[in-house]
Structures are given as structure tokens and as C-alpha cells.
Amino acid sequence: MKLKKIEKICKTAGNVVLCDEQAVVDESEDDVIVAPIRQWMGDGGTLYPLDGVPYLNEEAVYAIFDVNAKQAEKLRVSYHEQLPADLCFTDFCAGEELLEPVKLTMSLGGVALHLLRDSAGALLVIKDEYRAPFDNWKDCECYKRVTERGTAYVAVKSGCVLRGVIMQYNCIDADFVEALGAVYNAAGVAAAAKKEGKQS
């Protein structure tokens with residue numbers, strides 16, 4: 001995971017979310033062995049595991065991000081002792097499904113988007129910048145997971161290991177569908193004209 005890319009995402013958003021994950025790795029009748037605390041960081045729209053990074057608190061975040069006192073006023077750091085309870089942070093989550101990337105690059109209001117499609121053909125949209133922290137995105141696969149409230153989000157895995165959690169970008173509405181429909185129709189007209197030009 002590229003910490004500098006996570007830093008850029010958080011600074012752009014003006015927000016750092018830092019969460020602790022304390023996983024039980026072995027439990028027997030006599031004892032419970034608990035792994036060292038693992039931390040996750042993101043901007044509120046995503047969370048990435050901080051493997052190989054010393055344990056951080058608010059002051060340490062400002063230090064590793066090289067933020068001075070004046071800059072700190074524009075960067076909010078919120079610390080949580082637990083991961084968000086409504087999201088699944090295990091390597092496998094019941095009901096998850098593999099997402100297919102859509103071969104189309106889009107930008108909406110200056111925000112670059114990455115499009116994904118589930119097995120039912122439904123579109124999921126995430127910010128393209130959220131892909132930057134992964135060491136090799138080409139080796140990653142995206143899975144759709146759904147909270148108990150029915151909110152879909154994206155789990156990114158490398159192999160069988162969870163490498164990040166990304167929330168959908170809230171842009172799909174009637175205007176978005178209308179705009180895509182207009183592009184689709186225009187592309188169809190252009191393709192038809194091109195075909196007729198070749199035949200004549």
C-alpha cells in the first residue's frame with residue numbers, strides 16, 4: 001500500500017479517518033491470543049490497511065504527513081477504536097460478488113470516476129483516485145458487499161486478501177442516467193453513420 005497516495009487523498013478531502021482493528025487470531029479453552037492492533041486509514045469514503053506502519057495517533061498523523069500547525073487547521077483527524085460496524089473487513093464476506101470493470105473512462109464535475117458492474121448489470125461508481133494507493137491495481141479484484149441496511153460498497157482484494165474498502169460515489173441519479181443515455185444515443189447515431197459511410 002502506498003502511504004503517500006493515501007496522504008494525498010486525505011489532504012484533498014481535508015479529512016483523515018483512523019481506525020483500530022484488533023483481531024483474535026487463536027482461541028482455546030485456556031487462553032486467547034490477540035494479534036497486535038492493525039490500523040486502517042482513509043478519508044471517510046475509503047479505508048486502507050496500514051501494514052508496516054508504526055501505530056499512529058492524531059499527532060503522529062500530522063508528523064508523517066508533514067503538516068504544520070497552520071495546515072493542521074484544515075486537516076481533521078478522527079480516531080476510532082473500532083472499524084465501522086456496518087462494513088465487513090474479513091477476507092471473505094457471505095453474499096459478496098465479483099464486479100466487472102466497465103471499459104469506459106468518465107469524469108463528472110471534475111471528478112474522475114471508475115465504473116464497475118455487478119452480475120445483475122447494475123452500475124457501481126467509485127472515485128478513480130481511490131485506486132491510487134494499491135501497489136498494483138491490475139492484480140486486484142473488486143467485490144460488491146452490502147450492509148444490513150442495503151448499502152452497496154466495494155471490497156478490493158489482492159489474491160484472497162482484503163486490501164481496502166471503498167464506498168460508492170453518490171452520483172447516480174436521474175440526471176446522471178439522462179446524461180449517459182444521451183451519450184449512448186449519440187454514440188449509436190455516430191456508429192450508424194460510420195457504418196453507412198463504409199457501405200456506400
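This is a predicted model: local features need pLDDT of at least 70, side-chain atom pairs count only at pLDDT 80 or more; totals for chains, interfaces and linings use all residues.
Residues are numbered from 1 along each chain as its sequence is written, and side-chain values use heavy atoms, with hydrogens and water left out.

D66 is not a glycine, yet its phi is positive, about 55 degrees. Most residues other than glycine have a negative phi. Is D66 buried or exposed? D66 counts as exposed because its relative accessibility is 65%; exposed means over 50% relative accessible area, buried under 20%, and partly exposed in between (1.4 Å probe, protein chains only).

Next, D43, in the loop between β4 (38-42) and β5 (46-49). D43 is buried and has no salt bridge, meaning a side-chain nitrogen of Lys or Arg within 4 Å of a carboxyl oxygen of Asp or Glu. The nearest side chain of opposite charge is K127, 5.0 Å away. The side chain of D43 does make a polar contact of 2.9 Å with that of Y130; such a contact is a pair of N or O atoms within 3.5 Å, and within protein one must be able to donate a hydrogen and the other to accept it, with residues adjacent in sequence counting only if both atoms are side-chain atoms.

Finally, the whole chain. It has four helices and 14 strands, and 36% of its 200 residues count as buried.

Note on methods. Helices (H or I, at least four residues) and strands (E, at least two) are DSSP runs, numbered from the N terminus. Lys and Arg count as positive and Asp and Glu as negative; His and the chain ends are not counted.
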